[in-house]
Amino acid sequence: MANFLIFGPPGSGKGTQSELLSEKYNLVHLSTGDMLREEIASVTSLGQRVESIMSKGELVPDEVVIEMIGSRIEANTGASGFLFDGFPRTVEQAIALDEMLAQKSTPVATMLVLEVEHDELVKRLLKRAEVSGRTDDMDTDIIKNRIAVYSEKTAPVASYYNNKGTFDSVPGMGDISDIFARLCKVVDKYI
Ligand code: AP5
């Protein structure tokens, strides 16, 4: 069993590449952003609680996402590996994930870090806003806030895994297929 984290700022391509990687390597794709959007679409009490936080581009509380991820790990006991997308986003979440995976004796193989220039992130998200209906894509100020929240609260997670020696930086500019090939080259080292 090999577990991977896919990491990078909003618009870096985590979701796009996760779809391709999870299919190729038979990994269970766990995206906290997708799970939270499903809660909002289903108008659950959790969805109602997080909707305004997400529409501003802020992070939802750690305990909410840690519990969501914990229950998905438990629900997929036969998985050949997990691909975590958008989680962990704080050092507290990273510590919680390490503890959950340690209980299963299945640590993180590596963090795949997509490196994308700031202007390209904004360009991709504004383009998606034309079709996605995502409230956090529709306004340049909200997009900038999401990138600022990433720099302040989420970027330290990369240092956390780098210090543990489980970190691989991957250029995330260019064609989706070229980026996928770069990621596969890294993943192949661990599988
Ligand atoms: P989340 O859903 O995780 O969003 P995000 O990190 O802002 O990432 P995006 O989905 O916008 O981008 P991505 O990197 O996945 O890129 P994508 O492949 O989609 O989180 C949303 C919110 O939920 C957070 O702000 C927070 O409020 C909350 N949340 C989630 N997890 C949380 C957690 N752990 N803790 C606390 N709060 C949490 O691509 C983007 C666009 O670019 C697409 O249109 C795509 O088609 C396009 N694209 C992709 N690659 C390329 C390429 N190579 N060239 C051109 N276009 C490309």
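**Fold and local features of the predicted chain**

The protein chain contains eight helices and five strands, where helices (H or I, at least four residues) and strands (E, at least two) are DSSP runs numbered from the N terminus. Along the sequence these elements follow the pattern β-α-β-α-α-α-β-α-β-α-α-β-α. The radius of gyration of the protein chain, taken over C-alpha atoms, is 16 Å, close to the 16 Å that the globule rule gives for 191 residues, so the chain is as compact as a globular protein of that length; the rule itself is 2.2 Å times the number of residues to the power 0.38. The structure is a predicted model, in which local features need pLDDT of at least 70 and side-chain atom pairs count only at pLDDT 80 or more, whereas totals for chains, interfaces and linings use all residues. Residues are numbered from 1 along each chain as its sequence is written, and side-chain values use heavy atoms, with hydrogens and water left out.

The C-alpha atoms of the chain fill a box of roughly 40 × 40 × 30 Å along the principal axes. Of the 191 residues, 47% count as buried, a term that stands for under 20% relative accessible area, while exposed stands for over 50% and partly exposed for values in between (1.4 Å probe, protein chains only). Among contacts (heavy atoms within 4.5 Å) between residues at least 6 apart in sequence, 73% join residues at least 24 apart.

Strand β1 (residues 3-7) includes N3, which is buried, with a relative accessible area of 0%. A polar atom of the N3 side chain lies 3.0 Å from the backbone nitrogen of F82. When neighbours within four places in sequence are left aside, the contacts of N3 include F82, F84, L101 and V108.

Apart from neighbours within four places in sequence, D136 is in contact with M54, S55, I142, I143 and R146.

Several loops show backbone geometry of note. Most residues other than glycine have a negative phi, and most peptide bonds are trans. In the loop between α1 (14-25) and β2 (28-31), N26 has a positive phi of about 55° although it is not a glycine, and N26 counts as exposed at 55% relative accessibility. S105, in the loop between α5 and β4 (108-115), likewise has a positive phi of about 55° without being a glycine, and S105 is exposed, with a relative accessible area of 65%. The peptide bond from F87 to P88 is cis, with omega near 0°, and P88 is found in the loop between β3 (82-85) and α5 (91-103).

Helix α8 (residues 176-187) contains K185, which counts as exposed at 68% relative accessibility. K185 and L112 are 73 residues apart in sequence, and their C-alpha atoms are 11 Å apart in space.

Key:
Polar contact = N/O pair within 3.5 Å; in protein donor to acceptor, adjacent residues only side chain to side chain.
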